[in-house]
Amino acid sequence: MFDLLKIAIDSATSSGAKYSDARILISKSRSIAAKNGEVENFNESEKIGLGIRALVGSSWGFYSTYDLSTESLILSGKKAFDIAKASAVVSGNETPFADVPVVKDEYTTPHDENPFKVSTTEQIDLLVNSTEQMKKLGSSRSSGRLDFWDTEKWFCSSQGHEIFQNIIESGGGISSLSVGDGETQIRSYPQSFGEYRTGGWEVIKSFEFENHTQRLAEESQRLLVAPQCPEGSMDLILEGSQLALQIHESVGHAIELDRILGWEAAYAGTSHLELGNLNKHKYGSELMNIVADATLPGALATFKYDDEGTPAQRVDIVKEGIWTGVLSGRDSAAIAGVKPGGMVRADGFSRLPMVRMTNVGLLPGESSLEEIIESTENGIYMETNRSWSIDDLRLNFQFGCEAGWVVKNGKIIDMVKNPTYTGITPEFWGNMDMLANEDEWVFWGTPNCGKGQPSQIGHTGHPASPARFKNTRIGVRG
Amino acid sequence: MIIWREFLDDLQKNIPSNVECELKMMHSKSALTRFANSQIHQNVDEESADIYLTIHKDGKTISRTKNITAVKNSKEFMKEALESLEESPKDTTWAGLTSKTDTYEGFQETQEVNPDERANLVKDFVKEGRDMNAAGYCSTYLNNFFVWNTNGLNSSDTSSSAFIDGIFRTDTSAGSSHRGAVDIKDLDASQTGKEAAKLAVDSQNPVDIDPGKYEVILGHEAVSTILVFLSVYGLNAKSKIDGMSPILLNENQFDEKINLIDTPEDDKSIGFKIDASGAKKYNLDVIKNGVPKTYFHTRRTSKELNMENTQHEAFGVDEYFGGIGTNLNLSQGDTSQEDMISSIKNGIYINEFWYCRVLDPITQVVTGLNRNGSFLIEDGKITKPIGRLRFTQSFITSLGQGNVISVGDTARYADSEFGEGMLKVPKLHLREFNFTGGVSG
């Protein structure tokens, strides 16, 4: 494969590109969905192709194809150059490009059982049995899904990189939906839309769906008759997976350097952060320590090299509440004057690599969830995301959760439905006053992060443990 | 197209006689020229050829997707699928293959657009903003779709489309606009740029206003987002099956000024004239004078609900997602934007919604924000630009009886939260819309 890549890269550089890199991917996926004890969807996919980019002046040109014939590879390199060159009609300053070590290496995701070698019957049965069980327990619609990805990726650059990586990802989840009089309530496990990690079939087995079906079915029905979440300003305790999404939306996207530089302004938006305030801006309370770490074993965004050949690394993003780092690539880092962070990835061979969150997580604190609840006089504990919305500066957000519990004088006293909360990013994080410890720290994964044009879906990780936020506006309704 | 013909001929030799088989190929050439900080910074081009195989035998179904390079040979492809079929459980909702009589032959050899044409449209857009910071894209698509099945259906179609979309930003404001068309030559990038630039200039130094219930004028993109939510979550027959749809057929659910039609047969409509099952689509009343007339069906939902199949199986999403309307037109009215504004004593103009999410599927309560051009209207005039507001509002109620004061006199393709090229809409003047938060949360 490296020889094929070099043909395309040589074609781009001999056409005039100052830099070029290319990837060949063999991407396999398996997706199974079940509803009410029956398989609803079972699809396997395999795609093979090349994506090549060329840097000419101020613009990247990118071309992708399924055709790996020599003729096509030569044409692909030339096309990448020609496409970049066409940008000269509306050009700017030449794009700088930071150096990284030129390596020849390979990496495979550590895993026990390759999910594609596990019998599909075993995988189907797991979902069929789980959803059948919830249906029998009164769920109006029980559903479950499993997804597996096996990506073999060969990367070469005009600087001499030769990297092979085999990334294996597994995940899924189950949920129970109950329909009442003009409303629906849902409970999901391990989190809404499922939980995803790098690794094999062992990831799914660790979820132990069978131990959660009864709780999900019961809670989704109980929510139908539960009182509405109260409205007002009070303490908010977030369970880990909801906090993971809070990190994703209000920190992860805000620290993407391409957003900060305005490259995503028209679509995904920009950021409230300005580079001049790096190492000065107060992002949150002193309990807030965020790192972007692509080296965490088993987390969803773990790899050895990104799609520009930059080594995976751990970067401090927020230290004791102060903003200290960004998510960067080789071009954006060179513009901003920071070290390339190895955070550029593409959604398959046919997409241009772009800045992507790695495992952007909140380091654990010292409390337990039990201690957090015991020390709360008046608050709501919220679990499992149901909706999320945030403005294009990543400041003004509103989240809804599947279930809430009223906490009074240190005790959970009542389940409430339709819990929501809203806030402004720095104020919200500034109000974090208790954070659960390592025992409750989970590598939550988000497999559906949309960004870029053409649209790309990214897989990101967000290690988090439960936390408390003082004086939060809770219970917003239409 | 040669690669389809050759592949189909080869695969046909390897289909066992007792198997129902559906074979599809999507061949696409898509390109997107992206600009930010007033320069083109990313310019991409892609050619793909994906094969979709579905086989059904003894009550079991299996689907496989590969691109043409991943298919080592058609014999092996079929063998893998048959082996997987053995491990599959019964498929109780199988609704059969599309009939031979639904065959539609629409494939045409079409020239792809070159990157210089896209770059020149970007140039036309950017220059309208003068010194303002411009960002956006110009994209072009050429898709060829082929469907064959063992019932004898042999359909094909070609679809081309082009879009220009962008914003201008100042230190305190932004304005955006969008256009879509079947042919790139029908895109007026200068006019699109003019509209975005005016919104950006006019919305500088916005003031914060209190949240609350306001009379609103919604721009094309905002209207498109409301309708795409109703389409995907409400009119989709799969939502009805799952007990999640708020749509009530043949009831006066919406204001009588709401007329939504699906127009795949119109030559100016973006998209294929066949659905993903290969059946020809046809024009359809979806909401007539405020009364929902149909859900969007696939073969499976049609069978399960015992309703007529409206041929809305979608491309590129899992079959179990249900039916999606992709050629929707909200009928335009006769009220100009000026007349809408002059009739408002105290209200808001919103150009575009942002990051909308459903809080409750049955009531379609959605939360989201405004962006790229919002203004306060007082005593019949736009008086000042306004800042960020968060709404929490039922989209069903927003178009409910008595809440639609007037419908704009100009419809165009508008972008939406779920993508472009699906909806042609006018602006709407609504009696009440619920804003629940401002800049301070």
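Reply: Let us begin with a definition: a residue is buried if 20 or more other C-beta atoms lie within 10 Å of its own. Please keep in mind that this is a predicted model.

Me: How do you know that the span of H4(B) is close to the expected one?

Reply: The expected span is 1.5 Å times one less than the number of residues. H4(B), residues 189–202, has 14 residues, for which 20 Å is expected, and its first and last C-alpha atoms are 20 Å apart.

Me: What makes strand E17 of chain A largely enclosed?

Reply: Of the 13 residues of E17(A), 11 are buried, so the rest of the structure largely encloses this strand.

Me: How do you know that E17(A) pairs with strand E16 of chain A?

Reply: Two strands pair if at least two bridges are found between them. E16(A) and E17(A) are joined by 11 bridges and run antiparallel, with A:Gly379 opposite A:Val407 of E17(A). The two strands form a hairpin with 5 residues between them, and A:Arg394 in the turn has a positive phi of about 65 degrees.

Me: Which other strands meet that criterion with E17(A)?

Reply: Strand E19 of chain A pairs with E17(A) in the antiparallel sense over 5 bridges; there, A:Thr420 is the bridge partner of A:Gly400. Strand E18 (residues 411–416) of chain A is likewise joined to E17(A) by 5 bridges and runs antiparallel to it, with A:Val406 opposite A:Asp414. E17(A) and E18(A) form a hairpin with 2 residues between the strands, where A:Asn409 takes a positive phi near 45 degrees.

Me: What is said of the two faces of strand E10 of chain A, buried or exposed?

Reply: A:Ile290 and A:Ala292 point one way and A:Val291 and A:Asp293 the other way, and all are buried. As for partners, E10(A) pairs in the antiparallel sense with strand E11 (residues 314–319) of chain A over 4 bridges, where A:Asp293 stands opposite A:Arg314. E10(A) also pairs in the antiparallel sense with strand E15 (residues 360–362) of chain A, over 3 bridges, and the bridge partner of A:Ala292 there is A:Val360.

Me: Why are strands E11 and E18 of chain B said to stand at the edges?

Reply: The sheet concerned is an open one of 6 strands in chain B, with the order E11-E10-E9-E12-E19-E18 and mixed pairing. E11 (291–292) and E18 (412–414) of chain B each have a single partner strand, so one side of each is left without a neighbour in the sheet. Within this order, E9 (residues 260–262) and E12 (residues 328–330) of chain B pair in the antiparallel sense over 3 bridges, and B:Leu260 has B:Leu330 as its bridge partner.

Me: Which helix lies across strands of this sheet?

Reply: Helix H5 (residues 220–235) of chain B lies across E9, E10, E12, E18 and E19 of chain B, and runs at about 135 degrees to E19(B).

Me: What makes two residues count as a contact, and how many residues does the contact between chains A and B take?

Reply: Their C-beta atoms, placed from the backbone, must lie within 7 Å. The contact takes 69 residues from chain A and 78 residues from chain B. On the side of chain A, E2(A) gives the largest share, 12 residues. By class, that side has 26 nonpolar, 30 polar and 13 charged residues.

Me: How do you know that strands of the two chains pair with each other?

Reply: E3(A) and E2(B) have 5 bridges between them, in the parallel sense, against a requirement of at least two. A:Gly61, for example, stands opposite B:Asn43 in E2(B).

Me: Where do the domains of chain B lie, and how many residues does their contact take?

Reply: The domain assignment gives domain 1 (2–161) and domain 2 (206–441) of chain B. Their C-alpha centres lie 28 Å apart, and the contact takes 16 residues from domain 1 and 16 residues from domain 2.

Key: Residues numbered from 1 in each chain as written. Chains lettered and ligands numbered in written order. Predicted model: local features only at pLDDT ≥ 70, side-chain atom pairs only at ≥ 80, totals over all residues. Nonpolar A, V, L, I, M, F, W, Y, C, P; charged D, E, K, R; others polar. Buried ≥ 20, exposed ≤ 12 C-beta atoms within 10 Å, placed from the backbone. Domains from an automatic or database assignment. Axes fitted to C-alpha atoms, helices over the stretch in contact; angles between N-to-C directions.
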